[in-house]
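Here is a short briefing to read alongside the model. Please keep the viewer open while you go through the points.

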2 protein chains.
Amino acid sequence: MKKKKSFDIIAKGGVTSPKGFKASGICAGIKKSGKDDMALIYSEVPALFSGAFTSCLFEAAPVTLCKERLASDSKFRAVIINSGNANACTGTPGYKNAQKMSEITAAELSVAPENVLVSSTGRIGVQLPMPVIKHGIKLAAAALSEKGGDKAAKAIMTTDTRPKESAVSIKINGKKVTIGGMTKGAGMIAPKLNVPHATMLTYITTDADIGKPLLRALMSEGVNRSFNCVTIDGDTSTNDTVLLIANGSSGVSIKKGTKEAALFAEALYFVMEDLAKQIVYDGEGMTKFVTVTVNNAASAKDAELCARSVASSLLCKTAWFGSDPNWGRVLAAAGYSGATFKPEKFSLDYDEKPVVRNGQDAGTPEKALAKLMKRPEFTVKIDLNAGKHSHTIWTNDISYEYVEINADYHT
Amino acid sequence: MKKKKSFDIIAKGGVTSPKGFKASGICAGIKKSGKDDMALIYSEVPALFSGAFTSCLFEAAPVTLCKERLASDSKFRAVIINSGNANACTGTPGYKNAQKMSEITAAELSVAPENVLVSSTGRIGVQLPMPVIKHGIKLAAAALSEKGGDKAAKAIMTTDTRPKESAVSIKINGKKVTIGGMTKGAGMIAPKLNVPHATMLTYITTDADIGKPLLRALMSEGVNRSFNCVTIDGDTSTNDTVLLIANGSSGVSIKKGTKEAALFAEALYFVMEDLAKQIVYDGEGMTKFVTVTVNNAASAKDAELCARSVASSLLCKTAWFGSDPNWGRVLAAAGYSGATFKPEKFSLDYDEKPVVRNGQDAGTPEKALAKLMKRPEFTVKIDLNAGKHSHTIWTNDISYEYVEINADYHT
């Protein structure tokens, strides 16, 4: 365990690190590849939860179901997740299939259907193979384990190349409180989560006892500091889901406005940021992790518009792939972003090297910049000199492999 | 000559097809490749002109100069154009260099500097090599010819693979009126022209006699019907310029609101649309021309938002490259576009084949759709069933070659 700020990072931790959670990951046979395609997370006791979901109008059936459960104040006992099929754009039959998934899972776990959430990711527009799903749920329920987090993280992958997990623990009044999470997503990533957005699926568990208003506030702030700061391809999915589940099994209650709540929030935001960054590191075909930071914007909206425009620019992303300092592309993307600033006051740095000062070449030799851009990670730092607002977006480059993956992807 | 509607298309016509215009294209030595990099268009008599320019905040020095000339009601005698260097983000020295370009050209042509416009395209952020430019202007002036349109169209190319020209003629009261144009642009193409947007440079000449208010109205309507309907990579350039120049040499005067004005407008819009489509056909690394049409949107803005979102989606563009029917990506892009509609009323067709009806799979076999998508041109037709507004965007796919060109481009 490595000490980081006021919390401890749990190596190889995940959704089953907090007390009272079990999980599993199995192969139901939805994916043609034969890889694991179904995961289950289970809480031994009824838990409170909060959710953030896609803002895409084509909201997948399982997203609709999760939102209904959240609105009806149902408690959480389990979430059943399949990969290989998104159950999106599947109409009423699709919605009924999502309901059936929750019913079958509920029956296997001897809980009420309204206590079971459902997530799907994969191909859009194809009905779920319900006999395969039903068989898979039985396998997943039978495989539940207190050490099942890793298996679950693998089973929710689609074009991901590796599972993504994070966990930390904090001490509150001498008692240990743990937060664990897993996420998936490597393409169709530009979450704009309506606190209540890729196919990004994220599940965060904690054994703290937290009331719904605080859970909701933590979700809102956490998502804006993490997943909403990520873009891979600018495409927002039909299925994006983040769930935060608190089952109280640690015996530690966390109240709004307390020192403990601040401590918990810091640990939670670390897990969310860690998971969000892991998505970018596993971006389809990526070779570089690029942090785009905009400082001194006239408004928070301007800072975000500018950072998002640069991070989404195909010309910037291909230049980063080619280690091409071509800063004109960054300026062009900032210039058409909609943010208000004076071009003659614009500054740009790549990591520690000045690139543009007052809207013009800062004089750093191009070779030095090209060398810097061969780093696997660098920061594109923009100063608009127009105000006091900042925004950061984590993104990556666009490579030949990105095109290959997305010209051929089917499941 | 092929008859098209009420005008005649002039095969291999361009900016020197209308009477009283000369042009040239020469090698000044700005490009390392040794290809032609300077063009000049000259009108034998003072002409009226209108312009549409980039909306990017980083407006290149020659764009600033053109806007000033337009605002000051200067007449047009010539436009000097260089490729290989955009003279953008070059500060006061850059602006002075643009002025010098107009002065040198004016001296060579024995006209006033305020009658000379300037355009540049190429690398951003590097000062122009003025001795090379000066020598080039002399060569360009000496090479002016009534048949120089083709040479000029070649000299303004950067990553373009071929020159792009169009010309038509109409008959008005027994007299011939001609419209000719040339354009360049293959990347950084998503014009959003503030009538008064890529590096797209377009020059349209006509020998009609047209007053400024009508020229301005024709420009505004024409640009919205043509260049603003094109996106290649979603990146808007610092240098985008469209100039429409009318020198009256045909002896035909065209007045607002007349039958002749309608006839002229139809012919002009044909030339503008033809040039705009040629840009898409020459899009960097493109293998397919895709028309995205949105019908029955609740508002004109919704129609455009939806069409632009689908046309700009990296996931849609890579699926088109792979001939992958993956219509879920089209629905996702429509769903996050910001347009308002009911997903259960959404319909989608690829050319003549139904793909989605009422938000769900229309049942056309995937193989039939994949075969259709191997066509070099197809239409993605969306029906939102939410109103009466339509919008069309012409775009293309994103290939390995696109990434290659843009990871390596340096002039």
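Axes here are lines fitted to C-alpha atoms, for helices over the stretch in contact, and angles run from 0 to 180 degrees between N-to-C directions. Helices (H or I, at least four residues) and strands (E, at least two) are DSSP runs, numbered from the N terminus. This is a predicted model, in which local features need pLDDT of at least 70 and side-chain atom pairs count only at pLDDT 80 or more, while totals for chains, interfaces and linings use all residues. Residues are numbered from 1 along each chain as its sequence is written, and chains are lettered from A and ligands numbered from 1 in the order in which they are written.

**Helices α2 and α3 of chain B**

- Helix α2 (residues 91-109) of chain B and helix α3 (residues 130-142) of chain B have axes that come within 10 Å and cross at roughly 30°.
- That angle makes α2(B) roughly parallel to α3(B); angles under 35 degrees count as roughly parallel, over 145 as roughly antiparallel, 65 to 115 as roughly perpendicular and the rest as oblique.
- α2(B) and α3(B) cross in the right-handed sense; a crossing is left-handed if the near helix is turned anticlockwise from the far one by less than a right angle, and right-handed if clockwise.
- On the α2(B) side the meeting residues include Met101(B), Ile104(B) and Leu109(B), and on the α3(B) side they include Met130(B), Ile133(B) and Ile137(B). Two residues are in contact if their C-beta atoms, placed from the backbone, lie within 7 Å.
- The residues of this contact of α2(B) with α3(B) divide into 7 nonpolar, 2 polar and 4 charged. Ala, Val, Leu, Ile, Met, Phe, Trp, Tyr, Cys and Pro count as nonpolar, Asp, Glu, Lys and Arg as charged, and the others, Gly among them, as polar.

**Helices α5 and α6 of chain B**

- Helix α5 (residues 212-225) of chain B packs against helix α6 (residues 259-281) of chain B at an angle of about 40°, and their axes are 9 Å apart.
- α5(B) and α6(B) are therefore oblique to each other, and α5(B) passes α6(B) in a right-handed crossing.
- Leu214(B), Leu218(B), Gly222(B) and Arg225(B) are the α5(B) residues that meet α6(B), where the partners include Ala265(B), Leu268(B) and Met272(B).
- By class, 7 nonpolar, 1 polar and 2 charged residues make up the contact of α5(B) with α6(B).

**Helices α8 and α9 of chain A**

- The axes of helix α8 (residues 314-321) of chain A and helix α9 (residues 327-335) of chain A come within 9 Å, crossing at roughly 155°.
- This makes α8(A) roughly antiparallel to α9(A), and the crossing of α8(A) past α9(A) is left-handed.
- Leu315(A), Cys316(A) and Ala319(A) of α8(A) meet Arg329(A), Val330(A) and Ala333(A) of α9(A).
- The contact of α8(A) with α9(A) has 5 nonpolar residues, no polar residues and 1 charged residue.

**The sheet in chain A**

- An open sheet of 6 strands runs in the order β16-β15-β14-β17-β13-β18 (chain A), with mixed pairing; two strands pair if DSSP finds at least two bridges between them.
- β16 (360-361) and β18 (389-396) of chain A stand at the edges with a single partner strand each, so one side of each is left without a neighbour in the sheet.
- Strand β13 (residues 289-297) of chain A pairs with β18(A) in the antiparallel sense over 7 bridges, and Val290(A) has Thr395(A) in β18(A) as its bridge partner.
- Helix α6 (residues 259-281) of chain A lies across β13 and β18 of chain A, at about 45° to β18(A).
- Helix α7 (residues 300-312) of chain A packs on the sheet, where it touches β13, β17 (377-383) and β18 of chain A, and its direction makes about 20° with that of β18(A).

**The sheet in chain B**

- Strand β13 (residues 289-297) of chain B and strand β17 (residues 377-383) of chain B pair in the parallel sense over 7 bridges, and Val292(B) has Val380(B) in β17(B) as its bridge partner.

**How the two chains meet**

- Chain B and chain A each give 46 residues to the contact.
- α8 (314-321), α9 (328-335), β16 (360-361) and α11 (400-408) of chain B each supply at least two residues of the side that touches chain A.
- The side of chain B that touches chain A divides into 22 nonpolar, 18 polar and 6 charged residues.
- A rotation of 180° with 0.0 Å of shift along its axis superposes chain B on chain A (RMSD 0.0 Å), which is the relation of a two-fold axis. Copies are superposed by least squares on the C-alpha atoms of residues with pLDDT of at least 70 in both.
- Tyr400(B) comes closest to the rotation axis of the residues of chain B, at 2.6 Å (C-alpha).
- The same surface serves both copies, as 100% of the contact residues of chain B recur in chain A.
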